[in-house]
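Thank you all for coming; I would like to walk through one model this morning, going from its overall dimensions to its sheet and then to its cores. Please keep the structure open while I talk.

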Amino acid sequence: MRILLVSSSYSQSGEGAAAAGVFVHDFAAALAESGVDTEVVAPALEAGMEQRGKLLVRRFRVPRLPLSLLNPLRPGDWLPIVNTLAAGRRAVRESCAAARPDHIFALWALPCGDWARHAARQHGIPYSTWALGSDIWSLGKLPLVRSYLASVLRDASHRFADGLKLGAEVSRISGRDCRFLPSSRAFGAPAPRSLAGAPPYRLAFLGRWHPNKGPDLLLEALAQLTDADWSKIEALRFCGGGPLEAQVHQRVEALVRGGRPVKMGGYLDHAAAYELFSWADFVVIPSRIESVPVVFSDAMQVGRPVIASPVGDLPEILQDYACGVLADDASAAGLVRALQRALTSGPGDFAPGVAKAAAAFDVRRSAEAFLAGVRQAAG
C-alpha cells in the first residue's frame, strides 16, 4: 500500500514552534516503519525532496511560514494566501500523478483537505481528512468557509478528528460519521527521574502564549497562591512563545520580584521539551479552548500527571484515566484550587492512570488505527 500524506505543517528538525508539524513527522514515520510506502507533501520556504527508507518527503515552496499565521482579514496576506493555496493544489496533483498512491490523507481539513479533494477527483484516488480544533472551532465559524469545509469533509472516504467533541462537531457539519484518532508524537520513554514523593514539587508549562492556551490564566493563578502554597513548589518553568509575550514577561517578572521561583524560557525543541517534562512533577494545561493537546500525550509518555482546565475532551479523559487534577472551571480561580489540590495529593497518586493514558495516546497506535480503517474500506 502507498499512502500520500498532505500536511500544512511538517517538521523534521523538531523545532518547538511547530508542535503539529513534529506530530505529523512522527505519524509519517510510524506508517513507514509499519511497512507502508509513505509520501509526505508539505510546504517549505524552499522546495526539495528527501527519501529515507519507505518515507519520501516532497516540499513545495510557499512565500511565508507558518501558514497558521496567514490571516485573510489582513489585506497584506491576500497574495501569500492565494499563492500558497495554488502551490498546494499543484504539488499534491503532481505527487499523485508521479506516485499513484492508494489513498490520500489530509492533515488537516483545510487547506489540505481541499488540495486532497482536487487531486482525488482528477486521479480517481480516495482521500480522508483528519481535523484539528483550528479547522472546526475557528474556520468553522466563518459562514462561507464553513460551507466549503462541510463539502470537503462530506466527500472524504473517512473523517477523523483528534478530539471526541471535535469528532461530534465534524459529524454535525458534514452529516457523516467521524472517528476519534489521537494526535501524539513519539516523545520518549518514561523519564528516568522519579516523581517527588513529597513537597516541594516542580511544575512546568509549555505552549503557545496565546489566549486559547491560557498562559495568562496560569500566571494570574500563580499570583493568587499563598505563601503556604508556594512552600510546596520547588520551582515552576514557563516555556513557549507567542502573541502574549509582553504580558507573559511582565507577569513572570512580577512573580520573580516577589520571590517566587519562576523561570521563563522560549520555544523548546524535542530534546529540550523532554528534559523539561522529565524535570517536572506536574505539567499544567491552563487552556481556555482545547481538544486534546499534544502536550497532554507528551506528559503521559514521560510519566507526568497534568493539572488541567476543564475544556474540550480533558474532563472525560482525566475522569477515564485518573491521570491528573481537573480544575472546576477555566479561570484563574479554578486553576488556583486545582493547583492546591495537586500540591496536597502529590503526583504519585496518579501514576497508574498516567501509564494507561500513555498506552492509549501513542502515535503508533494511531497509525495502526488509520491503516486498519483504510484497508477495511479497500476490501
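Let me begin with the radius of gyration, which is taken here over C-alpha atoms, the rule for a globule being 2.2 Å times the number of residues to the power 0.38. What we have is a predicted model, in which local features need pLDDT of at least 70 and side-chain atom pairs count only at pLDDT 80 or more, while totals for chains, interfaces and linings use all residues. Residues are numbered from 1 along each chain as its sequence is written, and side-chain values use heavy atoms, with hydrogens and water left out.

With 379 residues, a compact globule would have a radius of gyration near 21 Å, and the protein agrees with that, at 21 Å. Its C-alpha atoms fill a box of roughly 65 × 45 × 40 Å along the principal axes. Of the 379 residues, 54% count as buried, that is, under 20% relative accessible area with a 1.4 Å probe and protein chains only.

The secondary structure comes to 15 helices and 14 strands, these being DSSP runs numbered from the N terminus, with at least four residues of H or I for a helix and at least two of E for a strand.

Now to the sheet: in what order do its six strands run? The order is 11-10-9-12-13-14, in an open sheet with parallel pairing, where two strands pair if DSSP finds at least two bridges between them. Strand 11 (262-265) and strand 14 (324-326) stand at the edges with a single partner strand each, so one side of each is left without a neighbour in the sheet. Within the sheet, strand 9 (residues 201-208) and strand 10 (residues 233-241) pair over eight bridges in the parallel sense, and Ala204 stands opposite Arg237 in strand 10.

That brings me to the cores, meaning sets of buried Ala, Val, Leu, Ile, Met, Phe, Trp, Tyr and Cys residues joined through side-chain atoms within 4.5 Å. The largest nonpolar core has 66 residues, and those with the most contacts inside it are Leu222, Phe277, Phe296, Met300, Val306 and Leu339. Helix 13 supplies the largest share of this core, seven residues. Leaving aside residues up to four places away in sequence, Leu339 touches Leu203, Leu218, Ala221, Leu222, Leu225, Val284 and Ile307, contact meaning heavy atoms within 4.5 Å. Apart from this core lies another, of 35 residues, among them Trp115, Ile125, Ile136 and Ala156.

Methods: Buried means under 20% relative accessible area, exposed over 50%, partly exposed in between (1.4 Å probe, protein chains only).
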